[in-house]
Amino acid sequence: MKKYVQIMSLEWKNAIIYRTDTALSALFSVFTVVLAYLLWSAVFGSREIVDGFTLPQMVTYYLLSKIVSPFSQGGGIQNEFSDEIKSGAYSKYIVKPISPLGYFVFASFARMILPVLLNTIVMAIAMISFPQYFLALHPAIIITAIPVLLLSGILSMLIDYLIAMSTFKLTDISFIYILKNIFTMLLSGGLIPLNMLLGDKIAMWSPFSYIIYYPVMLCMGKTNISIFTAIGVISVWIAILILVARFVQHLAPKAFEGVGI
Amino acid sequence: MKNIRHTFNVILTLAKMQVSKSMIYRYSFWGAFLCDTSMFLIQLLIFKVIAQDGHIGSWNVYHLTVFIGTYMALDGLYMATYFFGLIELPWKIRSGNLDLIIIKPVSTLFYAAFSSLNLGSILQFITGLIVVFYGAVKLHVFYVPHIIQFIIIFTLMYVLMFLLMLCIRCLSFWMTKINSFAMLEDTLIDFSFKLPSPAIRGGWRIVLFAVLPYGLMANMPSEAIFGEFSIRKWCLCIGVVAFFSLLAFVLWKFGRCHYDSASS
């Protein structure tokens, strides 16, 4: 476990080197909320409620979804992993006592957590400065959403890991990542609340619903699915993906010659 | 004139070489097209979902279709031509690699901007135009005067995008890192291309139509094809392009004077 803590520590040190970029990225995330406000005020017009949302609820939805969105987009480590497979540098995972899956999950987690924290600070300032545009949130409910967020982060990392491992078969997978990010944003409710897209019958068994939509709706107190059901569903998905990942990890070295692809 | 023809010939030769190169990586070529097209189709789907009574402000779904099509076409055209050349410019300035362009017997700016063509994006440009065509036919506004207006304003916006990108990259002549400006640019492009004109109100109209004119990009050509294009809008578009042409010219000229090769 100590070596994985070390991996996270190294990732944070790297992130601090580029702290200005990370901080500015968080600062510019406010534009997403302004965009949501302008667009949705035009949609609401004189109406009070649209698909169960008031305007402050809708703006708060986008604010919260922006905070948790790094969980759906990965930390960029998948590209590095893919390059390592292509160049032959993947050998280090074979010869060293370190699991590629463990490395991937801990390094991705370290990269995801910093933007989430910075986004939270910036958005909290926005909420405190302009309370009239947002729904008042209860800190106790937000805390209950943290386990779901952590699990959904792991789920997202496992999907990224499986795509990275497909480099063993497909040499160039960069566009698969982009496509994955586009569709994950859509299916996880990052672009629009899922109830508007799929109706009230939310795809309860879809793993993507729990990456953004469910945690955000939970924080807003607008979901009927209990937190235990949510944790149960995500855990099942995580277990399935871990099994697939371990199977792929077992097969992969057989196709790998250590000199790159 | 001879110089322009010479530069054009060089760029054409580079384009031919890049087509051959992109055909080696066919999957990436089609993959990029698939990604871009999916992104725009999803945006269109979202507009259709959020336009509750079929409208966002005064625009209906077909107006929004034209808006998305214009965004797609503009994005495809600048990605195909100058985008990749201009985003490499800060690195070329910082590393001194601009020297290799300055010594070439072609226009430095045009070579730097147009030497990294990405012709795969032409497919996105064509798809965007087809989407615009579809929306315009459904709105019954597909008339020759509207199309001419659209082409002129679209060209102006293509030039404006070039000027805005160039202004930001020229800062590299004086600053070591311009990442924060590039990030602001990315945010504003994303912001403006998702915001149809009826949703831009109050002070935001001044910000997005004049100060940081990214809001004009897809909205103005769309309004031109709808036929709702007043003299005021013509003046706004031409005035903004003229102002940023002057600014880009000054920044490039002074930047070149300030450039001291590999040590800059």
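User: How does H3(A) pass H4(A), left-handed or right-handed?
Analyst: In this predicted model, H3(A) passes H4(A) in a right-handed crossing.

User: And what's the angle between H3(A) and H4(A)?
Analyst: The two helices pack at about 150°. Their axes are 9 Å apart. H4 of chain A covers residues 55-68.

User: So are H3(A) and H4(A) roughly parallel or antiparallel?
Analyst: Roughly antiparallel. Angles over 145 degrees count as that, and therefore about 150° qualifies.

User: Which residues in H3(A) and H4(A) meet?
Analyst: From H3(A): A:Thr32, A:Val33, A:Ala36, A:Tyr37, A:Trp40, A:Ser41 and A:Phe44. From H4(A): A:Leu55, A:Met58, A:Val59, A:Tyr62, A:Leu63 and A:Lys66.

User: How do the residues of that contact divide into nonpolar, polar and charged?
Analyst: The contact of H3(A) with H4(A) has 10 nonpolar residues, two polar and one charged.

User: How many residues are in the largest nonpolar core, and which have the most contacts inside it?
Analyst: That core has 136 residues. Those with the most contacts inside it are A:Val59, A:Val148, B:Ile68, B:Leu74 and B:Met157.

User: Which helix gives the most to this core?
Analyst: H8 of chain B, residues 144-170. H8 of chain B gives 13 residues.

User: Now the interface. How many residues of chain A are in contact with chain B?
Analyst: 22 residues of chain A are in contact with 28 residues of chain B.

User: Which elements of chain A give two or more residues to the side that touches chain B?
Analyst: Helices H2 (19-28), H3 (30-44), H10 (174-187) and H11 (194-198) of chain A. H3(A) supplies the largest share, six residues.

User: How does that side of chain A divide by residue type?
Analyst: The side of chain A that touches chain B has 18 nonpolar residues, two polar and two charged.

User: Different spot. Where is A:Ser188 found?
Analyst: In the loop between H10 and H11 of chain A.

User: Is A:Ser188 buried or exposed, and why?
Analyst: Buried, because A:Ser188 has 27 C-beta neighbours inside 10 Å. The cut-off for buried is 20 or more.

User: What is A:Ser188 in contact with?
Analyst: Leaving out neighbours within four places in sequence, A:Ser188 is in contact with A:Ser72, A:Phe208, A:Ser209, A:Ile211, A:Ile212 and A:Tyr213.

User: What about A:Val236, buried or exposed?
Analyst: Exposed, because A:Val236 has 12 other C-beta atoms within 10 Å. A:Val236 is found in H13 of chain A, residues 227-255. A:Val236 and A:Pro70 are 22 Å apart, C-alpha to C-alpha, and 166 residues apart in sequence.

User: Last topic, backbone. What is phi of A:Asp51?
Analyst: Near 50°, a positive value in a residue other than glycine. A:Asp51 is found in the loop between H3 and H4 of chain A. A:Asp51 counts as partly exposed, with 15 C-beta neighbours inside 10 Å.

User: And phi of B:His140, what's that near?
Analyst: Near 60°, a positive value in a residue other than glycine. B:His140 is found in the loop between H7 (121-138) and H8 of chain B.

User: Why does B:His140 count as exposed?
Analyst: Because B:His140 has 8 C-beta neighbours inside 10 Å. Exposed needs 12 or fewer.

How values were computed: Residues are numbered from 1 along each chain as its sequence is written. Chains are lettered from A and ligands numbered from 1 in the order in which they are written. This is a predicted model: local features need pLDDT of at least 70, side-chain atom pairs count only at pLDDT 80 or more; totals for chains, interfaces and linings use all residues. Two residues are in contact if their C-beta atoms, placed from the backbone, lie within 7 Å. Helices (H or I, at least four residues) and strands (E, at least two) are DSSP runs, numbered from the N terminus. Ala, Val, Leu, Ile, Met, Phe, Trp, Tyr, Cys and Pro count as nonpolar, Asp, Glu, Lys and Arg as charged, and the others, Gly among them, as polar. Axes are lines fitted to C-alpha atoms, for helices over the stretch in contact, and angles run from 0 to 180 degrees between N-to-C directions. Angles under 35 degrees count as roughly parallel, over 145 as roughly antiparallel, 65 to 115 as roughly perpendicular and the rest as oblique. A crossing is left-handed if the near helix is turned anticlockwise from the far one by less than a right angle, and right-handed if clockwise. A nonpolar core is a set of buried Ala, Val, Leu, Ile, Met, Phe, Trp, Tyr and Cys residues joined through C-beta atoms within 7 Å.
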